[in-house]
Amino acid sequence: MSDLETWLADNDRYLAIALAWLRARLERLADAGKNGAHVIETPSESAKRRSGFGRFFGVPEEKVPLLAAPAGSTSSNSVPMPAEMIDAEAAARPPALILLSQRLGLSEFERHTLLLCAAMELDTRIGGLCARAQQDMSRPYPTFALALALFDQPAWEVLSPERPLRYWRLLEINQPGAQPLISSALKADERIVNYLKGLNYLDDRLTPLVKPVVIDDVVLPPSQSSLADSVVDGLKRMSGGRLPVFQVLGPDSQSKLMVARQGASRLGLLLYRMSADALPIGAADHETFVRLWQRESALMPVALYIDAAQVDRAGNAQATAIHRLFTSGLGMVFLDTREPWPDLVKDSVLLDVAKPTPEEQKEAWAQVLGDAV
């Protein structure tokens, strides 16, 4: 088998073990007649920090993890985690759930909560077990309350919109009317469920807005190839922090696109192109696009090429949206423009792309026409 086939088989095996472990915990909780969550209440300094009031108590918040449960805190529904699941965290090629947790910053408790929600799509028995565990057959679905009661090291922060499950929109929450958040139905995002099964593709909410850049293997002339090299060199020199915007300057759009394509390819990234006109302008739609693209940048090797060569920067809605876009941090981004955007220069690398020189054009024609020239 190929490396990919081996990894997919290992990933399926890990999911099968994880689902069996999850069913065992749900059955134990259902048999014990438990209902509701174990809400952690503690007067400790970690609780003060978690609540955001650390400064009022003289506690330095920056020294404390976002998630901090009392030492030794566990669910009363303890079913030991299989060794295979523990070993997977340190594996050279970990399963998709572990990869996602590492790239999006999930805690162990958040990872298990996501597994609980994704399990609804992977195992038809989970819904009934959720209802039994919650002592209510009208609730055949996961909730935050169920997760807090089910897993070890429960942490209230899992409900926060600033924590990964909600920030990265890994879960969909059905909260009708005055239904409390903690008891509202949870569902794993479809893109995330497929990722956990080993299917990695661009989110279909983004595909109407961006298109893959497909260019036949073209050898760039030296003057342009050196610019593609500078993309790689510029990133190698970075010591950390947010990636710069690569402003691709000049009038020749095709040359600019090829340089960006080659630069992304040398970094192992797939380049997607987006017209500035397609960029959502409304605040909510704009935020959704940014969050989804940030998520894709963490889950896939992608780069974004924004064609803004025709954008009028004077009071233009698209220009305002582009400025908002680059304050968010999107990963690897190229901006196609004729002249530099002054407000972005401090966070930019400028690539002035010209057409091939006359000598380079002559050599290219000679290679195509051969003896005919």
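The structure is a predicted model, in which local features need pLDDT of at least 70, side-chain atom pairs count only at pLDDT 80 or more, and totals for chains, interfaces and linings use all residues. Residues are numbered from 1 along each chain as its sequence is written, and side-chain values use heavy atoms, with hydrogens and water left out.

**Overall composition**

The protein has 14 helices and 8 strands. Helices (H or I, at least four residues) and strands (E, at least two) are DSSP runs numbered from the N terminus. Of the 373 residues in the protein, 46% are buried. Here buried means under 20% relative accessible area, exposed means over 50%, and partly exposed lies in between, with a 1.4 Å probe and protein chains only. Among contacts between residues at least 6 apart in sequence, 75% join residues at least 24 apart; a contact means heavy atoms within 4.5 Å.

**Helix H1 and its two partners**

Two packed helices are described by the angle between their axes and the distance between the axes. The axes are lines fitted to C-alpha atoms, for helices over the stretch in contact, and angles run from 0 to 180 degrees between N-to-C directions. The table gives both values for two helix pairs.

| Helix pair | Angle | Axis distance |
|---|---|---|
| H1 (residues 3-31) and H6 (residues 126-133) | roughly 30° | within 8 Å |
| H1 and H4 (residues 96-104) | about 90° | 9 Å |

H1 and H6 are therefore roughly parallel to each other, whereas H1 and H4 are roughly perpendicular. Angles under 35 degrees count as roughly parallel, over 145 as roughly antiparallel, 65 to 115 as roughly perpendicular and the rest as oblique.

Where H1 meets H6, residues including Leu-22, Leu-26 and Ala-30 in H1 face a group in H6 that includes Ile-126, Leu-129 and Ala-133. By class, this contact has 8 nonpolar, no polar and 4 charged residues. In the other pair, Trp-7, Asn-11 and Tyr-14 of H1 meet Ala-96, Leu-97, Ile-98 and Leu-99 of H4. That contact comprises 6 nonpolar, 1 polar and no charged residues. Ala, Val, Leu, Ile, Met, Phe, Trp, Tyr, Cys and Pro count as nonpolar, Asp, Glu, Lys and Arg as charged, and the others, Gly among them, as polar.

The buried residues are Ile-126, Gly-127, Leu-129, Cys-130, Ala-131 and Ala-133. Their cover includes H1, helix H5 (108-122) and helix H7 (144-150).

In helix H13 (residues 317-326), Gln-318, Ala-319, Ala-321, Ile-322, Leu-325 and Phe-326 are buried. Seen down the axis of H13, these residues fall within an arc of 160°, so they line one face of the helix. The arc is that of the directions from the helix axis to the C-beta atoms. Strands S4 (245-249), S6 (302-307) and S7 (333-337) and helix H12 (283-299) are among the elements that cover them.

**Positive phi angles**

Most residues other than glycine have a negative phi. Gln-135, which follows H6, has a positive phi near 55°. Gln-153 has a positive phi of about 50° and is found in the loop between H7 and helix H8 (164-167); with a relative accessible area of 32%, Gln-153 is partly exposed. Arg-169 has a positive phi of about 55° and is found in the loop between H8 and strand S1 (171-174). Arg-169 is also partly exposed, at 28% relative accessibility.
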